[in-house]
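Here's a quick tour to read with the model open beside you.

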Amino acid sequence: MDERIRLRLDVSYDGTGFSGWAAQPSRRTVAGVLVETLDLVLGAGTATGLTVAGRTDAGVHATGQVCHLDLPVDVWRQHDGRLLRRLARLLPTDVRVRAMTEVPADFDARFSATFRRYEYRVTDAPFGAEPLRRHEVLAWPKPLDLAALNAAATGLVGEHDFAAYCRRKENATTLREVTRLDWRRDPDGILVATVQADAFCQAMVRSLVGAMLVAGDGRRPVEWPGSLLTRQERSSEVTVAPAHGLTLVAVGYPADPAEYARRADLTRRLRVPVEG
């Protein structure tokens, strides 16, 4: 068997024209486009084991997505230094591979990650979103109070069971640790929520944003989003915020590569629900 090498890929994409990350039959996805292009450049099936840090939903963007794949060493040596530019020429303009880096074989883009960080952008301008930013900024129909948004965010920080905010999957835990959740208003008036956690379950970030927005415009008390954490099932009162306002901006990993395997093992154990 050919000796293989593991590569980390740093990827950005405009999610508008994609049905999410994961490959799906008859649908345009980020993973599908990447694999098709890699097959075109390297030969079908040469790159294997494509694994992503966060499987973003349809319409969600990324500026800091990370994935890994394996290549035969001789293929990598043959293309090293030229592969990035070849991909740039052949990939569609709404997805870019910004870097390709050799990493240890026990690096796992998904399980070695220590955090994922997202940003959600909203405008409460009376005219709506600027046309050139309409694919990344949600237009909110009511004025939003920054202090109220941050007060609502406070009750969601920490380790909790986020069942009220997640689409539950069989044999998957909804226990997560949110290490950062805050709002700012940029000079252009855009409100930006920064949400960071060890990991997220499906639709969790957009559900959190949806709950905070109705507190931010005064329709719910600021304590309401945090009060839902006592629920054991998804709350029908929470409206999931639209996908286009959300961007994955960073994925963190241990500073010491020797910790990749230990972190991956720990993550796998944490994601197994406790019986009983």
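Is Ala147 buried or exposed? Ala147 counts as exposed, because its relative accessibility is 56% and the cut-off for exposed is over 50%. Bear in mind as you read on that this is a predicted model.

You'll find Ala147 in helix 4, which covers residues 146-154.

Gln232 is another one to click on. Gln232 belongs to the loop that runs between helix 6 (224-227) and strand 10 (246-252). With a relative accessibility of 52%, Gln232 counts as exposed, given that the cut-off is over 50%. From Gln232 to Asp74 is 158 residues along the chain, and 52 Å separates their C-alpha atoms.

## The disulfide

How many disulfides does a search of the whole structure find? The search turns up 1 disulfide. The partners are Cys166 and Cys201, with 1.7 Å between their sulfur atoms. This pair ties together distant parts of the chain, 35 residues apart: Cys166 comes from the loop between strand 7 (158-161) and strand 8 (175-185), while Cys201 comes from the loop between strand 9 (191-197) and helix 5 (204-216).

Both Cys166 and Cys201 are buried. Cys67 is buried as well, because its relative accessible area is 0% and anything under 20% counts as buried.

## The largest pocket

Now for the largest pocket, which has a volume of about 1,100 Å³. There are 45 residues lining this pocket, and Arg55, Arg110, Lys169, Phe200 and Gln202 are the closest to its centre. The elements that supply two or more residues to the lining are helix 1 (30-42), strand 2 (48-52), strand 5 (115-123), helix 5 and helix 7 (260-270).

What is the lining of the largest pocket made of, by class? The lining has 21 nonpolar residues, along with 12 polar and 12 charged ones. Domain 1 (4-111) and domain 2 (115-251) each put at least three residues into the lining.

## The nonpolar core

The largest nonpolar core holds 80 residues, and the ones touching the most other members are Trp21, Leu71, Tyr165, Trp183, Met212, Leu213 and Tyr253. Helix 5 is the top contributor to this core, giving 9 residues.

Where does this core lie relative to the two domains? The core lies between domain 1 (4-111) and domain 2 (115-251), because both of them give residues to it.

Finally, take a look at a couple of backbone angles. Ser26 is not a glycine, yet its phi is positive, at about 65°. Ser26 sits in the loop between strand 1 (4-13) and helix 1. Its relative accessible area is 85%, so Ser26 is exposed.

Ala203 also has a positive phi, of about 70°, although Ala203 is not a glycine. Look for Ala203 in the loop between strand 9 and helix 5. Is Ala203 buried or exposed? Ala203 counts as buried, because its relative accessibility is 7% and the cut-off for buried is under 20%.

Terms used
Residues numbered from 1 in each chain as written. Predicted model: local features only at pLDDT ≥ 70, side-chain atom pairs only at ≥ 80, totals over all residues. Heavy atoms only, no water. Disulfide = S-S within 2.5 Å. Helix = DSSP H or I, 4+ residues; strand = E, 2+ residues; numbered from the N terminus. Buried < 20%, exposed > 50% of the residue type's maximum accessible area, 1.4 Å probe, protein only. 1 Å grid on protein atoms, 1.4 Å probe; cavity = no way out; pocket = protein on both sides within 12 Å on 5 of 7 lines; lining within 4 Å. Points joined across faces, edges and corners; volume = space filled by probe spheres on them. Nonpolar A, V, L, I, M, F, W, Y, C, P; charged D, E, K, R; others polar. Domains from an automatic or database assignment. Core = buried A, V, L, I, M, F, W, Y, C linked by side-chain atoms within 4.5 Å.
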